[in-house]
Amino acid sequence: KTAKAVLDPKTKPFSISLHCKLPTIPNENQVIVQKFGSLANNFTLLLSESSSTTSAKLAFGITSGSQFSFVTGSITKGAFTNIAVTYDPEGDGKTKMCIDETFTSSSMITFFDNLNYNAANLTIGSGSQVRINNVIFNADETFSGSIDELRYEHKPLTIQDIRDTRYETIYASDDLKLYFKFNEPRGSYRAQSLVLDSSKSGMHSKITNYLDTHTRVTGSDSPIRNELINRSPVLFPDFPDVSTLNTVLYTSASMYDGVNPNLITKL
């Protein structure tokens, strides 16, 4: 509302967490999440090229001018994995990655003065060429896999924070700057490419090149325990189930009015 940049951490700590599921096929270099100001000013969560059908390498890097920090990890393909990355300039100065509650830290200590990206977009599933550990990384293909519960916060995450919330939806807070639950439904309606932001920021976004047959598919292995259909109402007015319910309610109301002796036109 104020046109101020919401996502740039600047001097604040920041964290990204999500559930990620990769298909059991080889993969090229892919960007999962990226905030890109320039080659010398960005942070990127990426997936490295792998011929394996069972596992993949992750890396998270922050680059600011001549300074950089990075951390790596490995995830199993074929199942949802909880991934969290965090950096706290007020803490030990290490970039950290947590995969299913197992923390790893960067080998170096780096204190960035100001992570300002001049309000550049945060992208999910695609990104630009970056430098990780002084090595150039090119995304050879867009992300292939499933993402759920993506959260971007201006606070560091502890192991207890992750244990308490990894399987649960959370409430909006001042630190929560972006929160995509990805609960929008499949179907034929005008806003089908829309992704709703459940943080206080209201940064609702659109999926580029939206494909209904693939983008909204929900499997039986949803990683969030308390997500039930009756707790996730669909509010798009032209969504078929909603428009049908609207017609039913109007019809039943008209039938009620027809036999209601207290209707004002009958008094």
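This is a predicted model: local features need pLDDT of at least 70, side-chain atom pairs count only at pLDDT 80 or more; totals for chains, interfaces and linings use all residues.

Colleague: Which residue in S5 stands opposite Ile62?

Modeller: Strands here are DSSP runs of E, at least two residues, and helices are runs of H or I, at least four, numbered from the N terminus. Two strands pair if DSSP finds at least two bridges between them. S4 and S5 (residues 67-76) pair in the antiparallel sense over ten bridges. In that pairing, the residue opposite Ile62 is Ser69.

Colleague: How many bridges join S3 and S4?

Modeller: S3 covers residues 41-47, and S4 covers residues 55-64. Their pairing is antiparallel, and the bridge count is seven.

Colleague: Which residue in the turn between S4 and S5 has a positive phi?

Modeller: S4 and S5 form a hairpin with two residues between them. The phi in question is about 65°, and the residue is Gly65.

Colleague: How many of the ten residues of S4 are buried?

Modeller: Buried means under 20% relative accessible area, exposed over 50%, and partly exposed in between, with a 1.4 Å probe and protein chains only. S4 is mostly covered. Its buried count is eight.

Colleague: Asp8 and Lys35 meet in a salt bridge. How many residues apart are they?

Modeller: A salt bridge puts a side-chain nitrogen of Lys or Arg within 4 Å of a carboxyl oxygen of Asp or Glu. For Asp8 and Lys35, the N to O distance is 2.6 Å. The pair links distant parts of the chain: Asp8 is in the segment before strand S1 (14-21), Lys35 is in strand S2 (residues 30-38), and the separation is 27 residues.

Colleague: Is Lys35 buried or exposed?

Modeller: Asp8 has 5% relative accessibility, so Asp8 counts as buried. Lys35 has a relative accessible area of 1%, so the class of Lys35 is buried.

Colleague: Why does the salt bridge of Arg166 and Asp100 tie together parts that are apart in sequence?

Modeller: The side chains meet at 2.8 Å, N to O. Arg166 lies in the loop between helix H1 (159-165) and strand S13 (176-180), and Asp100 in the loop between strand S7 (95-99) and strand S8 (102-105), so the parts tied together are 66 residues apart in sequence.

Terms used: Residues are numbered from 1 along each chain as its sequence is written. Side-chain values use heavy atoms; hydrogens and water are left out.
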